[in-house]
Amino acid sequence: MTRAVTVRLDEADHAALARQADQLRVSPGTLARMLVHAGLGEDVPARDARAAIAQLVRRSQQRPAADAVTLVNDARAALGSHG
Amino acid sequence: MSVVVDASLIVALVVADERQAAAEAHLQGWVESGEDLHAPGVLPYEVANVLARLVFDGDLEADGIADTWPDVAALDVVLHPFDLTQDGSAVAAITTRLRRRHATDSTYIHLAQQLDTALWTLDGPLARNAADVGLPVKLIT
């Protein structure tokens with residue numbers, strides 16, 4: 001659930017917000033929300049790790065079986081670092 | 001207490017690896033008992049490469065990547081940067097002991113030594129190799 005707040009900015013601040021948002025490839029509204037979060041010292045609510053593990057496993061069951069060690073070894077080879 | 005987790009444990013949650021249940025049980029147990037999970041800073045790059053490979057091979061929808069990362073992040077693995085002056089020599093020494101040509105595995109083992117714990121992995125050859133030379137690596141089967 002989110003609630004909207006209208007914030008009026010002067011031209012310079014609006015331009016700076018738009019410029020930084022473009023650099024970060026997010027919308028000005030998203031960047032404004034990120035800045036409000038940072039300013040209020042509110043972290044993104046931590047997800048429950050146990051639920052996240054269960055969710056990862058649940059989704060994996062919809063995919064073909066694979067060997068995790070082989071995938072990681074291939075990933076390391078792709079990073080140019082595995083022997 | 002802390003444990004160092006190999007990327008293979010994380011990837012085993014993402015794909016239907018035959019050791020998935022064991023990896024899941026260990027991770028759930030560590031989370032439940034309040035163990036801190038640690039890994040070298042290279043881990044996200046390894047996971048990213050695996051996800052890219054799965055998408056390329058058609059085993060994962062591109063949208064699935066967006067669903068996966070928040071759950072991986074929720075594991076709250078503490079990532080450790082590679083200290084060029086302090087870690088380089090130690091990692092090289094471990095790599096030599098393992099008689100390997102490359103050093104990624106050694107960064108995980110070195111971190112485990114620094115934290116006075118063990119690296120947990122699904123990689124049998126690595127675990128046996130490490131055990132032969134007295135390095136702290138534990139195999140999940």
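Sheet, core and chain contact in a predicted model

User: What makes the five strands of chain B an open sheet, and in which order do they stand?

Analyst: The five strands form an open sheet in the order β3-β2-β1-β4-β5 of chain B, with parallel pairing. Strands are DSSP runs of E with at least two residues, helices are runs of H or I with at least four residues, and both are numbered from the N terminus. Two strands pair if DSSP finds at least two bridges between them. The edge strands, β3 (78-80) and β5 (137-139) of chain B, each pair on one side only. The model is a predicted one, in which local features need pLDDT of at least 70 and side-chain atom pairs count only at pLDDT 80 or more, while totals for chains, interfaces and linings use all residues. Residues are numbered from 1 along each chain as its sequence is written, and chains are lettered from A and ligands numbered from 1 in the order in which they are written.

User: How do you know that β1 and β2 of chain B pair?

Analyst: Strand β1 (residues 2-5) and strand β2 (residues 36-40) of chain B are joined in the parallel sense over three bridges. The requirement is at least two bridges, so the two strands count as paired. Within this pair, Val4(B) stands opposite His38(B) in β2(B).

User: Why is the set of 54 residues called a nonpolar core?

Analyst: The name applies because such a core is a set of buried Ala, Val, Leu, Ile, Met, Phe, Trp, Tyr and Cys residues joined through C-beta atoms within 7 Å. A residue is buried if 20 or more other C-beta atoms lie within 10 Å of its own, exposed if 12 or fewer, and partly exposed in between, with C-beta atoms placed from the backbone. Ala68(A), Val4(B), Val5(B), Ile10(B) and Val11(B) touch the most other members of this largest core. Its largest share, seven residues, comes from α1(B).

User: What makes α1(B) and α3(B) meet, residue by residue?

Analyst: Ala7(B), Ile10(B) and Val11(B) in α1(B) meet Leu43(B), Glu46(B), Val47(B) and Val50(B) in α3(B); contact requires C-beta atoms, placed from the backbone, within 7 Å. The contact divides into six nonpolar residues, no polar and one charged. Here Ala, Val, Leu, Ile, Met, Phe, Trp, Tyr, Cys and Pro count as nonpolar, Asp, Glu, Lys and Arg as charged, and the others, Gly among them, as polar.

User: How many residues of chain B are in contact with chain A?

Analyst: In chain B, 37 residues are in contact with 29 residues of chain A. That side of chain B holds 17 nonpolar, seven polar and 13 charged residues.

Terms used:
Contact = placed C-beta atoms within 7 Å.
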